[in-house]
Protein chains: 2
Amino acid sequence: MNMYAIIMAGGSGTRFWPASREYLPKQFLRITGEQTMLEETIGRLGQLVSGDRVRVVVGRRHAEVTRRLVAGTSAGVLVEPVGRNTAACIGLAALHLRRLEPGALMIVLPADHYIANQEAFVGTLRQAAEEARGGAIVTLGIAPTRPETGYGYIEVATGSGEASCLRVERFVEKPDYETALGYLKSRRFLWNSGIFLFTAEAILAEIDAHLPELAQGLAEIDRAIDGEAYEEVLERVYGQLPSVSIDYGIIEKTSRSLLVFRADFGWSDVGSWQALHELKRSECDAAGNLLPANALAEESRDNLVYSQSGRRVALLGVEGLVVVDTDDVLLVAGLDRSQDVRRFAGREWPARPEPARPENEK
Amino acid sequence: MNMYAIIMAGGSGTRFWPASREYLPKQFLRITGEQTMLEETIGRLGQLVSGDRVRVVVGRRHAEVTRRLVAGTSAGVLVEPVGRNTAACIGLAALHLRRLEPGALMIVLPADHYIANQEAFVGTLRQAAEEARGGAIVTLGIAPTRPETGYGYIEVATGSGEASCLRVERFVEKPDYETALGYLKSRRFLWNSGIFLFTAEAILAEIDAHLPELAQGLAEIDRAIDGEAYEEVLERVYGQLPSVSIDYGIIEKTSRSLLVFRADFGWSDVGSWQALHELKRSECDAAGNLLPANALAEESRDNLVYSQSGRRVALLGVEGLVVVDTDDVLLVAGLDRSQDVRRFAGREWPARPEPARPENEK
């Protein structure tokens, strides 16, 4: 029973606007390291999954950039004609893996998360894989460090104690602040990391049981999967599949053994410029500025500069800013307003006037 | 006795860095309006001085851009081989004008000042010219509105009262803050605008009287002025001239009638990004942001954005910033730190690294 990795790279986030755009979401950016987040995710799995057992599932729009990124690896690319949420995405991947190997064990994980401790990450996945092999649905939960309202939570069953492998009581959607605070204090809730492990057979059986409409569509695709009509069938059927998350559609409803591993490997979904700044504290200068090498910051504190343009950047007497410099757009915002930068994405913009060029550059 | 204008465009300021550079100082930038400050200065004189009686004095480095800017006018360009301060600059211009017309009346003014009220400006100069025709040295003084420590002051003679034409008691250098505050309260001090009127004969006589070394050099240039050796003589002699300001070298020492006109035409030397912001209050949005047309500012107050690149700019949740976007450098600074941006000019910069380009733009 070989282990496979399904990397979901379908996100089209705008939280890193203007560095991320609809045509180039966060997983294709170099923000946490020298590689794109997708490449880092692939690399991180190297100790666990042989390269030819990695599949990146991606929307058609991003197929080309993804193929280019994985060209140096033996990973495969699965293209979704349109995005239909995680249940369909995982179901499609499971069809393909089941063809290769009926008992295939799947590690499903997002392409755009950050993991600080590689060893702990691999160790946790190894443990989790053991449980998944036995037919359980396994997820990874993160011990909350703040009353975050942006994540789903996993309540662990009472009596589970402080062990690393816990029984899941229930999944809960993003809570309000008061509820999140209660979760934090109770110590019985973990953040839902979006990382799951199960066999292809197990998850397809669950889809059959709980999402019959999805199951029917997947069966139609499955019948065409090795034939010449595959692309055509996929195109026709996939867009009609119900759009539902794996959490809500399957995992909250399953009667299988549902386990969560308490993960402690320095996880972040890097949800904003501010989150990136916090994540990279150790790379900041003495005044808390996270800067590219060609930036100067004087009498400035706790700023983040991100440059795609390579232009020089000078900061003087400023604090708590995010400055994002791209070829066509410049953002200057309060770091504490990071959650709101997405409002500019896709915005109608005032007409571009004659720039204030000095005469001798006319 | 015709009126001539000598526009001194030799400044190589760095106070508008990074929009202004050593190769492109403020007078060649479009910062106060749709034209460069030099063009605006020439245009402002149109009602008073016929175009062919305007001379722009400029350093060799900026001769080309200046010629291009004045190409549409009939103004002439006088090139200084090197900058030798205002006494030499004005002396050289006076030599040329005296050749054209012995009694030539000279209005001498900087190329990079802002004047709000064109009518009042012209009216004041007309009055001042009348006095200068009679042999007086006339200057324009600005009623101070703050205890500015960055300007020289002119003390008017007691008994001068509130008339517009006053006798000068003395010129004083840039004061400290306490002294400037005293000047402001006394109402007997005006800011030295750097705008002067006198005849070519008068100022050359004063140079003879008070700056014999300069007079000697100018005499040598004068002998060559219409000959083929002019450029060569100018090159050899000019760099050896004493470097002294017209204020310090002549005007503080003259025994001629020395008059100052109290000018009230909305003057500014536009000495910083902050000064520009204050100057253009009426063009700011309701929240006090001075923005180009392709910038958006949300929940942001009292910022100035200046774009030479034409890039879109988005501000979110920021206050009191100056953002200057050029093709190779980006500045983000506190507006109240405007005086300090010059520190970056000519600075050694960290090596330009690989920019954080997303993979698909490799």
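Guide: Strand S16 of chain A and strand S14 of chain B (residues 312-316) run parallel and are joined by 5 bridges, where two strands count as paired if DSSP finds at least two bridges between them. Strands here are DSSP runs of E with at least two residues, helices are runs of H or I with at least four residues, and both are numbered from the N terminus. This is a predicted model, in which local features need pLDDT of at least 70 and side-chain atom pairs count only at pLDDT 80 or more, while totals for chains, interfaces and linings use all residues. Residues are numbered from 1 along each chain as its sequence is written, and chains are lettered from A and ligands numbered from 1 in the order in which they are written.

Within this pairing, A:Val332 has B:Leu315 as its bridge partner in S14(B). Of the residues of chain A, A:Val332 also comes closest to the rotation axis, with its C-alpha at 4.1 Å. A rotation of 180° about that axis, with 0.0 Å of shift along it, superposes chain A on chain B with an RMSD of 0.0 Å, which is the relation of a two-fold axis; the superposition is by least squares on the C-alpha atoms of residues with pLDDT of at least 70 in both copies.

The contact between the chains takes 50 residues from chain A and 50 residues from chain B, two residues being in contact if their C-beta atoms, placed from the backbone, lie within 7 Å. On the side of chain A that touches chain B, helix H2 (63-70) and strands S13 (304-307), S14 (312-316), S15 (321-325) and S16 (329-334) each supply at least two residues, and S16(A) gives the most, with 6 residues.

From B:Leu315 one can turn to B:Ala287, 28 residues apart from B:Leu315 along the chain, with 12 Å between their C-alpha atoms. B:Ala287 is found in the loop between helix H10 (273-279) and strand S12 (295-298) of chain B. Leaving aside neighbours within four places in sequence, B:Ala287 is in contact with B:Ala297, B:Ser300 and B:Arg301. B:Ala287 counts as partly exposed because 13 other C-beta atoms lie within 10 Å; on this scale a residue is buried with 20 or more such atoms within 10 Å of its own C-beta, exposed with 12 or fewer, and partly exposed in between, the C-beta atoms being placed from the backbone.
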